[in-house]
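Please keep the sequence and the model side by side as you read.

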2 protein chains.
Amino acid sequence: MDEFELDDRKTKILNAIIRNYLKTGEPVGSRTISKYTDLNLSSATIRNEMADLEELGYIVQPHTSAGRIPSDKGYRFYVDHLMAEKDREVDEMKQFVIEHTEKVDHLLQQAARILASNTNYATMVTAPSYQGNKFKFIQLSCVDEGQILAVIVTDGNLVKNKIIPVSGPIDNETMLKLNIVLNSTLNGLTLAEINLGTIARLKEQAGIHSDIIGEVLDTLSEMMLQEDDIRVYTSGTTNFFKYPELSDTGKASELISTFEEKQQLASLVTENLLDENSTGIQVYIGNESPIQTMKDCSVVTAVYELGEGVRGTIGIVGPKRMDYEKVMDNLKVLKNSLDGILNKPKGKT
Amino acid sequence: MDEFELDDRKTKILNAIIRNYLKTGEPVGSRTISKYTDLNLSSATIRNEMADLEELGYIVQPHTSAGRIPSDKGYRFYVDHLMAEKDREVDEMKQFVIEHTEKVDHLLQQAARILASNTNYATMVTAPSYQGNKFKFIQLSCVDEGQILAVIVTDGNLVKNKIIPVSGPIDNETMLKLNIVLNSTLNGLTLAEINLGTIARLKEQAGIHSDIIGEVLDTLSEMMLQEDDIRVYTSGTTNFFKYPELSDTGKASELISTFEEKQQLASLVTENLLDENSTGIQVYIGNESPIQTMKDCSVVTAVYELGEGVRGTIGIVGPKRMDYEKVMDNLKVLKNSLDGILNKPKGKT
DNA sequence: TGTTAGCACTCAGCGTTGTGGAGTGCTAAT
DNA sequence: ATTAGCACTCCACAACGCTGAGTGCTAACA
């Protein structure tokens, strides 16, 4: 649709402007372009074209008699049409992932850190969530007179536990029975598949201990709408200071706050997790981002899938003039490394 | 020792200087003091005394013809001798804690947040660690052919789990036996009390499945030296920008980075956890802090004890001219609220 | 002897000014 | 359609000078 309003020369000029701006961060003037590009045009000609491009909304002028910088629309055009695909920088990362498969927590924190130091932007990695995950195993045990421990394992081998207070002690036999009932009823179900019918049936079978079942199911549903519990690992938030356009007006510090309040980040990221099975990479430019604080930033996210249904997100937040190619490359590589890591045979000898 | 080199008047003047500086953050001049203090002295006299105080090392001059600001030694004298003890600001916090006892994670994050918004400094709260904690309950279960799940509960109701891969399937009976052996042998022991003898005995009883026992014990010891896994919740790191003496030279951004690398914070805090049973509040001024990044800050920490042996730390990091009274008050209150929370009867009706 | 008033000196902070460079838009020539 | 040239705009930055706050020192005073 849009791309027809740009002829070949305009496209080239726009491309040159953006590339240049991405590098320098300074408004770029007509003279610069007239030298930079292969099509040999004088600065005056460029000026005319730039005036057109500005009218079309692809670039803007911070003030009269300054060069031009890309608008959101300009950036969008760039990532959609102009950007080259590359495949480099694969090595380093791949190794890193393979080596540290033991602890998911550390793995992800590491991932965030490397990504940040690689790109010089702020990064975040959300821990896998239980999206559409099936039950594998549930176990209740008495730890104490008034307390029982519920442990829940899902298909992706994610483990969750909760201590449930009960009114009185429960004998071993009841415990065993409850376990059997729970396991046989719930096994193989996804969280979403538990409905009132299931619950009623469970409670019936549990007899006098239906209250415990209730508690257990509560824990389950807690797991479901666990938005607020999503673990988010961040790194390189101070990178915001490296970009004057962000660090100037205290925006950087707002952004850092946002990164500390991991909840918000989580929300940014969950919508991708749910909506799509698209394995693609999402780019939000400026106001396209759902988080207001980031209206002067670009956000690039990717979904990874550790194991069957166990999904998380990687994200990078930087200035609009971020190096999109590099960022997307990095994301792709990391995503590939993480994908299916749980299903792969362990690296141990 | 030191305090004898200061007569009464010098003490009063030093006190006035520091209090004033804490409020304003500006170097304080002789004239200000001559009006501020009750002892009616002219600015000239004050100047003489200030010259003395400077020679003694309690105050310094940022540059000629500027007022004086407290040195580290001055601050130290202040917190040790001059500071008034108060007991206010108890209300708000107490309530907060009582209401949200469900999830420790959230509780602590909340604690950090409130503390930060209360004090306007950066705060951190470390999650409880298993220091000297006793076993209460251990359970192995088969989740899969090649995998068993080990769940460990400690005295403080902290739950830890790990999935252990095994070579072949294990029948239910063996499982049961292993559980019994583990529980009966380990019950009531602290992590430190497991020695080679215990291990040997366990393995012997386990027979052919001693390898599993080995794995379990590995998990246990992992829990022990879990320094690197200490959870740290931070909040208000951007508060550093509120204090020019920190935000100027990019120190703030270094500090924020330090707060992102939670490991370092953990190390700052663990020494208190281990060394002392002192329930006191620690104050590090400037270079007294073990973390180099914080040489221009003061750090105040307190140890809380959620339950028997389940300890964590609360800490506040701010400029040297922080409001020590307020900070220590807040820490005390929060500490009191957290202390013994696990042992208290639940607030539910 | 301790305290005070007065004076000369220092220095950071701030607003003012002016200059240079980069960039634009427009017009006229090619 | 493209280009060269010119006048204009505006930001960035350095230089300047002023002001206010503060000191140290000396001389007078109780």
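A crossing is left-handed if the near helix is turned anticlockwise from the far one by less than a right angle, and right-handed if clockwise. This is a predicted model, in which local features need pLDDT of at least 70, side-chain atom pairs count only at pLDDT 80 or more, and totals for chains, interfaces and linings use all residues. Residues are numbered from 1 along each chain as its sequence is written, while chains are lettered from A and ligands numbered from 1 in the order in which they are written.

**A helix pair in chain B**
- Helices here are DSSP runs (H or I, at least four residues), numbered from the N terminus.
- The crossing of H7(B) and H8(B) is right-handed.

**Around DNA strand C**
- A residue counts as near a strand if its C-beta atom, placed from the backbone, lies within 6 Å of it.
- DNA strand C is surrounded by 20 residues, and Gly29(A), Ser30(A), Ser42(B), Thr45(B) and Ser65(B) are the closest.
- H3(A) gives the most to this surface, with 4 residues.

**Around DNA strand D**
- DNA strand D has 20 residues around it, of which Ser42(A), Thr45(A), Ser65(A), Gly29(B) and Ser30(B) come nearest.
- At least two residues each come from H3 of chain A and from helix H2 (30-36) and H3 of chain B.
- H3(B) supplies the largest share of the surface near DNA strand D, 4 residues.
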